[in-house]
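This report describes one protein model, going from its overall dimensions to its core, its aromatic contacts and a few backbone details.

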Amino acid sequence: MKSILPIVISALIFSACGQEPAESTYDPAADSLKYEQEVHLRNIRQLTFGGDNAEAYWSYDDSKLIFQSNNPEWGVGCDQIFYMDVTAPADSGVTPPMISTGNGRTTCSYFLPGDETFVYSSTHEGSLECPEEPTRGAGGAYAWPVYDTYDIYKADLNGQIIDTLTNTPGYDAEPTVSPDGSKIVFTSTRTGDLELFIMDTDGSNVRQITDELGYDGGAFFSPDGQKLVFRASRPETEEEIAKYKELLSQGLVEPTNMELFTVNIDGTEMKQITDLGNANWAPYFHPSGEKIIFSSNHMSQRGFPFNLFMINADGTGLEQVTFDGMFDSFPMFSRDGKKIVFSSNRFNGGTRSTNIFIADWVD
């Protein structure tokens, strides 16, 4: 989904788990990419090196990751979609295949069942050029661009577009796919606000899910496919509402105050599950369906660091998962629950690069 890498990224782009490795085979001292407090993570491995790499999501068979990158060493200067084999050696010097058009700006890619096709959002039909990035507001506030040329496409792993799934005016982006592969949830401005919609994977049978004023986005399905978890802003005062509407009219949204919500896929039983302040986003269900992992800077005074946290689906039991000094986000569990992928600024040598990491997950 549209990414939020404040400070560190120039523009943005949210059942059973595996058993712990045997103690006799695990050497904590050799796990050089984790911090001591990160008890849920083991055997962390870095998969990208340089540029901004984010929103890496697993294939259905857990063998591949699809993600977006603007790594200049790969010949791109604007976010494009790539995929990689997670078993390949890291830092092999081999550029992963680019499977978007190479034009415009792309984001929010997600495999479809069979792992030979995927959906993603792109602005390339609006312009072949990379759209201009927004500048910070008068008070230095960070803002996401809501490009009205974003549409959602289906493509194959050769980069061939198979179908255009949305064609309404305005922003259509942030698609993710249900576990059974039958539905896509996405965010759209087609009703005048940033709301969640669900459609079938051929683009038909579009249904609106949310209708409250504020940005609703970054949604993922629960493991049983019956609920969504998403991030949302909810302007309440006259001043907040006026500011939100004015920014949206300029194609912008300020993602500095967001909380997490769950809702049934028919739009019923909306529930706010965090009330932490600051930006809480990039949520994803634990394979059990009973917990949600997400990124948050609610403990931060300066906007960062962002770290990963876990919370029960009823909003209780908050636990910190990562302890980086800058940025950890975009967590996603593998389908079998044994691994987790996330993006991080950890150990980047003081550069601005955000890279993709995978780790064994320990419950």
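The accessible surface of the protein comes to about 14,500 Å², and carbon and sulfur atoms account for 48% of it. The model is a predicted one. Its secondary structure consists of one helix and 25 strands.

**Overall dimensions**

Taken along the principal axes, the box filled by the C-alpha atoms is roughly 55 × 45 × 40 Å. The radius of gyration is 19 Å, which agrees with the value near 21 Å that a compact globule of 363 residues would have. Of the 363 residues, 58% are buried.

In soluble globular proteins, nonpolar side chains tend to be buried together. The largest nonpolar core here has 79 residues, and Leu65 and Ile293 have the most contacts inside it. Strand 25 (residues 355–361) provides the largest share of this core, with five residues. Another core, of twelve residues, lies apart from it; Leu196, Ile198, Ala219 and Val263 are among its members.

Methionine 310 lies in strand 21. Its relative accessible area is 4%, so methionine 310 is buried. Leaving aside neighbours within four places in sequence, methionine 310 is in contact with His286, Lys291, Ile292, Ile293, Phe294, Gly317, Leu318, Glu319, Val321, Phe333 and Trp361. Between methionine 310 and tryptophan 144 there are 25 Å in space, C-alpha to C-alpha, and the two are 166 residues apart in sequence.

**Aromatic pairs and charges over rings**

The aromatic pairs number 23. In one of them, the rings of phenylalanine 186 and phenylalanine 197 have centres 5.8 Å apart and planes at 25 degrees, so this pair is stacked. Phenylalanine 186 belongs to strand 11 (residues 183–188) and phenylalanine 197 to strand 12 (residues 195–200), so the pair ties together parts that are eleven residues apart in sequence. Phenylalanine 186 counts as buried at 0% relative accessibility, and phenylalanine 197 is buried at 3%. One aromatic cluster is formed by Tyr57, Tyr110, Phe220 and Tyr284.

Charged side chains also lie over aromatic faces. Arginine 42 sits over the face of tyrosine 26, 4.3 Å from the ring centre. Arginine 234 is placed over the face of phenylalanine 261, at 5.1 Å from the ring centre.

**Backbone details**

Most residues other than glycine have a negative phi, and most peptide bonds are trans. Where does a cis peptide bond occur in this model? Phenylalanine 304 and proline 305 are joined by one, with omega about 10 degrees. Proline 305 is in the loop between strand 20 (291–296) and strand 21 (307–312).

Glutamate 269 is not a glycine, yet its phi is positive, about 55 degrees. Glutamate 269 is placed in the loop between strand 17 (259–264) and strand 18 (271–272). Phenylalanine 330 also has a positive phi, near 55 degrees, in a residue other than glycine. Phenylalanine 330 is found in strand 23.

Are glutamate 269 and phenylalanine 330 buried or exposed? Glutamate 269 counts as exposed because its relative accessibility is 57%, and the cut-off for exposed is over 50%. Phenylalanine 330 is buried, since its relative accessible area is 1% and buried means under 20%.

**A loop serine**

Serine 334 is in the loop between strand 23 (328–333) and strand 24 (339–344). Serine 334 counts as buried, at 3% relative accessibility. Apart from neighbours within four places in sequence, serine 334 is in contact with Trp58, Asp62, Pro287 and Lys339.

| Residue | Relative accessible area | Class |
|---|---|---|
| Phenylalanine 186 | 0% | buried |
| Phenylalanine 197 | 3% | buried |
| Glutamate 269 | 57% | exposed |
| Methionine 310 | 4% | buried |
| Phenylalanine 330 | 1% | buried |
| Serine 334 | 3% | buried |

Conventions
Residues are numbered from 1 along each chain as its sequence is written. This is a predicted model: local features need pLDDT of at least 70, side-chain atom pairs count only at pLDDT 80 or more; totals for chains, interfaces and linings use all residues. Side-chain values use heavy atoms; hydrogens and water are left out. Helices (H or I, at least four residues) and strands (E, at least two) are DSSP runs, numbered from the N terminus. Buried means under 20% relative accessible area, exposed over 50%, partly exposed in between (1.4 Å probe, protein chains only). Contact means heavy atoms within 4.5 Å. Rings of Phe, Tyr and Trp (its six-membered ring) pair if their centres lie within 6.5 Å; planes under 30 degrees apart count as stacked, over 60 as edge-to-face and the rest as tilted. A charge sits over a ring if NZ of Lys or CZ of Arg is within 6 Å of the ring centre and within 35 degrees of the ring normal. The radius of gyration is taken over C-alpha atoms; the globule rule is 2.2 Å times the number of residues to the power 0.38. Accessible areas come from the Shrake-Rupley method with a 1.4 Å probe; for residues, only the protein chains shown count as cover. A nonpolar core is a set of buried Ala, Val, Leu, Ile, Met, Phe, Trp, Tyr and Cys residues joined through side-chain atoms within 4.5 Å.
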